[in-house]
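Here is a short report for a first look. Please keep the sequence and the 3D view at hand while reading.

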Amino acid sequence: MKKIFLRLFSVAFAFLLVNGLYATPAFADSPINAYFFWGEGCPHCAQEEAFLEGLQKEYSNLKIHSFEIYKNRKNALLLQKVGRALSTDVSGVPFLVIGDIAFAGYSPNITAPKIRSQVEECFLNTCSDPVASLLEVTPEEPPLERSKNSDSSEHSINVSIIGLVNLDSLSLPLLSVLLGFLDGFNPCAMWVLLFLISMLIGMENKKRRWILGMAFIVASAFVYFIFMAAWLNLILFLGFLVWVRLAIGGVALAGGGYSLKEFFTNKDAGCKVTGAENRQKIFQGIKTTVTENNFWLALGGIVVLAFMVNLVELICSAGLPAIFTQILALNNLAPWQYYFYIFVYIFFFMLDDLVVFFISMKTLEMTGITTKYTRASRLIGGILMLLIGLLIIFKPEVLMFG
Amino acid sequence: MKVLKFGAVWCAGCLVMKPRWKEIESEMPWLETRYYDFDLDKEPVEKYGIDFTLPVFVFLDKSGEELLRLTGEVSKSKLVEVIEANKDK
């Protein structure tokens with residue numbers, strides 16, 4: 001009996017101990033004010049917003065005061081005041097103040113634990129609240145309520161065979177395919193491949209022809225992937241700065257304008273002759289590499305050449321990848337999803353190269369895709385870039401599909 | 001009449017034009033044509049001032065004077081029309 005009593009006592013004690021350790025302390029009744037400055041369309045702000053909402057469920061007296069600064073000038077001025085009061089440099093959003101501690105930017109692994117620890121600190125020991133005295137503006141509803149309250153059926157279409165298709169989940173894959181495909185018709189990327197094919201066609205060894213050609217295409221795709229991944233990470237890193245988003249919007253507008261200008265002025269759909277000296281150097285490099293007797297040296301040479309040529313040509317085709325990675329950054333995806341969409345983009349970007357290469361290798365005749373498609377892609381791409389540019393600048397939330 | 005065709009292996013539009021010309025040349029065996037590569041045949045390229053867009057098709061009369069030139073991708077019907085209109089010149 002004594003043993004049973006002792007066991008019951010131990011279990012009850014352990015329960016109370018565990019409960020006591022993990023339960024929210026009940027003594028902190030005074031509200032903890034968190035001042036959350038954010039911008040519409042800022043992906044890091046949306047991430048932090050979601051984190052704060054979760055935190056609010058754990059700490060019932062955590063009160064989040066939310067201030068949108070892109071559209072609300074009063075809030076932007078308040079942010080400057082807060083920065084001055086806390087002697088902190090405010091360079092962008094998200095910007096969060098709890099007590100007298102400011103958190104600039106947001107990273108789930110670095111900032112989130114610090115915010116949590118500050119909330120706990122203010123929970124256990126009452127923190128000072130220097131921002132409260134500056135507060136003249138009535139805080140708004142928490143940001144991104146729109147997405148939570150909106151009815152998902154409004155963003156869906158009923159396709160008879162498939163059923164209800166959610167447009168939000170469809171938009172990003174579709175955009176990846178469309179932009180990649182349009183970017184693929186960029187003549188910058190095609191001319192080197194055509195010259196390489198002209199050299200490969202004269203080669204007797206069929207296996208060597210295929211391997212060298214495919215090595216060039218795969219290496220080109222890899223360079224593009226590295227470039228886009230680097231660009232994406234830069235945008236994710238600097239995403240909280242408004243001017244980065246505006247600059248990319250500007251690139252989209254300039255790129256769209258250039259494409260439309262080309263569509264209207266280059267009506268004969270011809271190939272532009274530019275950079276004669278550079279072209280001759282590349283041709284010489286290809287000739288030397290392809291005619292190399294040692295297969296491994298030729299293969300290595302082709303890969304190196306693909307890297308070099310595509311790095312040079314990146315400037316020529318930087319517009320659409322920059323726009324696409326900005327859209328990806330706006331969508332707060334899981335890391336694998338970012339790279340998956342980049343992969344989809346690049347697959348469709350390389351599709352026309354693959355078609356030209358396969359047909360040429362099968363028929364042993366040079367094949368080109370009519371430049372009329374290039375013209376059409378300039379028209380569609382130009383309009384699309386102008387639209388996306390305007391959205392990135394004025395309505396970035398439209399491009400947040402998820 | 002004679003047609004000088006200027007193109008390059010790296011120019012997709014030039015490659016698209018090749019089968020069109022092949023058809024015309026087989027249908028009009030009397031037509032004299034000559035192909036010049038932009039990167040290899042420097043002399044005719046300079047002589048005819050080919051410097052901005054490819055492909056370029058220069059139509060010459062019997063005395064070698066330039067009648068007209070067409071640039072970019074041109075339809076087969078347009079080429080036939082031009083050849084028919086100038087074949088006796």
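## Layout of chain B

This is a predicted model. Chain B holds 3 helices and 5 strands. From the N terminus, the order of elements is β-α-β-α-β-β-β-α. Of its 89 residues, 49% are buried.

In chain B, 4 strands form an open sheet in the order 2-1-4-5, with mixed pairing. Strand 2 and strand 5 (66-71) stand at the edges with a single partner strand each, so one side of each lacks a neighbour in the sheet. On average, neighbouring strands are turned by 20 degrees against each other, direction ignored. Strand 1 (residues 2-7) of chain B pairs with strand 2 in the parallel sense, over 6 bridges. Here Leu4(B) stands opposite Arg34(B).

Two helices of chain B lie across these strands. Helix 1 (residues 12-27) lies across strand 1, strand 2 and strand 4 (56-60), and runs at about 160 degrees to strand 1. Helix 3 (residues 76-86) lies across strand 4 and strand 5, at about 180 degrees to strand 5.

Asp37(B) sits in strand 2 (residues 32-37) of chain B. Asp37(B) is buried, yet has no salt bridge. How far away is the nearest side chain of opposite charge? That side chain is Lys18(B), at 7.2 Å. A salt bridge needs a distance within 4 Å.

What lies around Asp37(B) instead? Beyond its neighbours within four places in sequence, Asp37(B) contacts Gly7(B), Ala8(B), Val9(B) and Val45(B). A polar atom of the Asp37(B) side chain is also 2.8 Å from the backbone nitrogen of Asp39(B).

## Salt bridges

The count over all chains is 9 salt bridges. One of them joins Lys5(B) and Glu25(B), at 2.7 Å from N to O. This pair links strand 1 to helix 1 of chain B, 20 residues apart. Lys5(B) is buried at 12% relative accessibility, whereas Glu25(B) is partly exposed at 24%.

Lys76(B) and Glu27(B) form another, with the closest N and O atoms 2.8 Å apart. Lys76(B) is in helix 3 and Glu27(B) in helix 1 of chain B, so the pair ties together parts 49 residues apart in sequence. Both count as partly exposed: Lys76(B) at 25% and Glu27(B) at 48%. In chain A, shared partners join Lys261(A), Glu262(A) and Arg378(A) into one network.

Terms used. Residues are numbered from 1 along each chain as its sequence is written. Chains are lettered from A and ligands numbered from 1 in the order in which they are written. This is a predicted model: local features need pLDDT of at least 70, side-chain atom pairs count only at pLDDT 80 or more; totals for chains, interfaces and linings use all residues. Side-chain values use heavy atoms; hydrogens and water are left out. Buried means under 20% relative accessible area, exposed over 50%, partly exposed in between (1.4 Å probe, protein chains only). Lys and Arg count as positive and Asp and Glu as negative; His and the chain ends are not counted. A polar contact is a pair of N or O atoms within 3.5 Å; within protein, one must be able to donate a hydrogen and the other to accept it, and residues adjacent in sequence count only if both atoms are side-chain atoms. Contact means heavy atoms within 4.5 Å. Two strands pair if DSSP finds at least two bridges between them. Axes are lines fitted to C-alpha atoms, for helices over the stretch in contact, and angles run from 0 to 180 degrees between N-to-C directions.
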